[in-house]
Amino acid sequence: MKKVFCILACAVVTFSVTAQTVNDALNLSDNNYYGTARTVGLGNAVTAIGGDLGTVGINPAGSAVAGYSQVSITPALSFSVTNASYAPSSQSSAAAFGPDSKSVMTRFTLPNIGMMLRFETGRSYGVRAVSFGIVSNSTNNYAADMNAGGNNSLTSITGAFAAQAMANADGFGRRMPSDILHYSSPFSSDYNWNCIAAYWGGLINCNMDSVGQDYFGSAETVLWNEQEGRYDYFVKGELRQRYNAQSIGTKNDVVFNLGFDINDNVFVGVNFGVPAANYRYNQTFRENVASDPMDFVVTPEYIGSDGKYVKGPTTTFDEAVYQHSLSQNVTGIYGKFGIIALPNDNLRLGAAVRTPTVYNVRETWQVQTDSYFVGFDGKSSHENSYSPVGEYQYQLVGPYSINAGLAYTFGSAALLSVDYEMTDFSVMKYRTRYSSGNDDFARVNRLNNLFCGVSHSVRAGFEIKPLPFIALRAGFSLKTDPSCYYLDDAGEKVDAYIYDEFYDDFESGRYILSSGRKFNSDNVWAVSAGLGFISAGSFFADFAVRRTAFATTYTYPYAAYIDAPVIRARRSLWDAMLTFGWRF
């Protein structure tokens, strides 16, 4: 199996312009709970507490605990801070990463708004009250801005696109023929629009040999190898590469809640949840000459008016730009059932279970390329191309979850709460929205099942009231990474990326996974603090601030046709929120 990783250095990976990957399934399915300032201040350890509209999304029984009707709204400011660094080779040690580049994105959000109505039944035994409400609580914030760059003399994004055109550009394992490169018919998803846009945008050029088209990147040096009878392409000079990726959007769960108060010591509730998400992603990769322009002399060939290939003017490469935009609009449905029990005046126990969520996803995407050259006469030229706007619709079945909580109250002066939540991501499955008679997602669903497992969350919160109308809060949460990996028979790590690259070899048994699942050690953790004000009347207000630290990510801006640069990013999210509420 060690051979695999030698082959990987030369393997060509198809650039993905749409989603439907393991990481995208996790991105849409994962929850990072918000709610009201009170629940956030308590670290969202509220499964056994209830009484607040922010608790309803975590445990539907929370609505029945409150002995009143209520309405609340929670505006917030989010500050996403990303520290990213660049390394020219993904095979280098961590010491190869350059200094961190810090980026900050600020967004206004509305993590909670809702109303709950309580109706007394007038009974002295059994169901004493029924509550009904509509509540929207945020379950994710996608705000992020990542910038990193450095110099690279090993590879070029233009060479990566050329390698695709040579090996797997049409998605069927064949060299990209000229009738596809010069494709001008209406949009077809069968073709790799990254390569088409790269060719027309000047990132890819070609030489003609006895085999046919021989593509090379505009930033690559081309030499004829007399001994082998072929062209050799390599990056002779140094390129300055810069990478930027921005994402915005939120996921909100709108729940229709029904709760029952049974004898004031058992509370049950059910949610019909309708999650809705909007996700926008924009990526830009630039590379330009960092040293001697004469290292990047280009003499392209193209099809002339007579249909034959002719040589173009000799120029020097100056800059290449690749942009990719993705937009996802998501809606879904799920059910959730919860219970809270009070064995005595101080102890509270809670539990809830959520069904898998069925998401309907509509996504659009587009790629654009630009290239800049300088002629020997000193004049500059610019080429530009872009794909049609692609559109795709599909469904994603998300994970189910089970959570349990315990809280202890010290009269009306303080409370301590602890939660545990288990979410099984291995059941995630893509499927076509309308049956087409075949399984378009068999491969990625296999990867979901193999490389996604159970995530465990632990949350804790504490509240104390130094004065009857003031509450001080603190919270903490820790969530384990659901993604996993295996070891092969040579002890090498095999993750979803490697398995996907050599999918047929692993599935046929040619390459073997010799170990069971091993989970990544990077976790997501958060700390929070809050302040509450309870008036003598119906009004109440809460404030909270939270810092969430996400797992370190590694991004590969283009396919590893020889080697590839890598971006290491560490993101943290600061949230400050203020809840205004009224009881009646």
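## The second largest pocket

By class, the lining of the second largest pocket has 14 nonpolar, 7 polar and 10 charged residues, where Ala, Val, Leu, Ile, Met, Phe, Trp, Tyr, Cys and Pro count as nonpolar, Asp, Glu, Lys and Arg as charged, and the others, Gly among them, as polar. The model is a predicted one, in which local features need pLDDT of at least 70 and side-chain atom pairs count only at pLDDT 80 or more, whereas totals for chains, interfaces and linings use all residues. Residues are numbered from 1 along each chain as its sequence is written, and side-chain values use heavy atoms, with hydrogens and water left out.

This pocket holds about 680 Å³ of space, and among its 31 lining residues Arg38, Ile49, Leu415, Glu463 and Lys465 lie nearest its centre. Two or more lining residues come from each of strand S19 (400-410), S20, S22, S23, S27 and S28. A pocket is an open set of points on a 1 Å grid over the protein atoms alone, with protein on both sides within 12 Å along at least five of seven lines, while a cavity is a set of points where a 1.4 Å probe fits but cannot get out; lining residues have an atom within 4 Å of a point. Grid points are joined across faces, edges and corners, and a volume is the space filled by probe spheres set on the points. Helices (H or I, at least four residues) and strands (E, at least two) are DSSP runs, numbered from the N terminus.

## Pairing around S9

S3 pairs with strand S9 (residues 239-262) in the antiparallel sense over 13 bridges, two strands being paired if DSSP finds at least two bridges between them. In this pairing Asn141 stands opposite Thr250 in S9. Strand S4 (residues 144-152) also pairs with S9 in the antiparallel sense, over 9 bridges, and Ala148 has Tyr243 in S9 as its bridge partner.

S9 and strand S10 (residues 266-289) are joined in the antiparallel sense over 24 bridges, with Arg280 in S10 as the bridge partner of Ile248. The two strands form a hairpin with 3 residues between them, and Asn263 in the turn has a positive phi of about 60°.

## An open three-stranded sheet

An open sheet is formed by 3 strands in the order S25-S24-S26, with antiparallel pairing. Because strand S25 (493-494) and strand S26 (518-519) stand at the edges, each with a single partner strand, one side of each is left without a neighbour in the sheet. Strand S24 (residues 484-487) pairs with S26 over 2 bridges, and Cys484 stands opposite Phe519 in S26.
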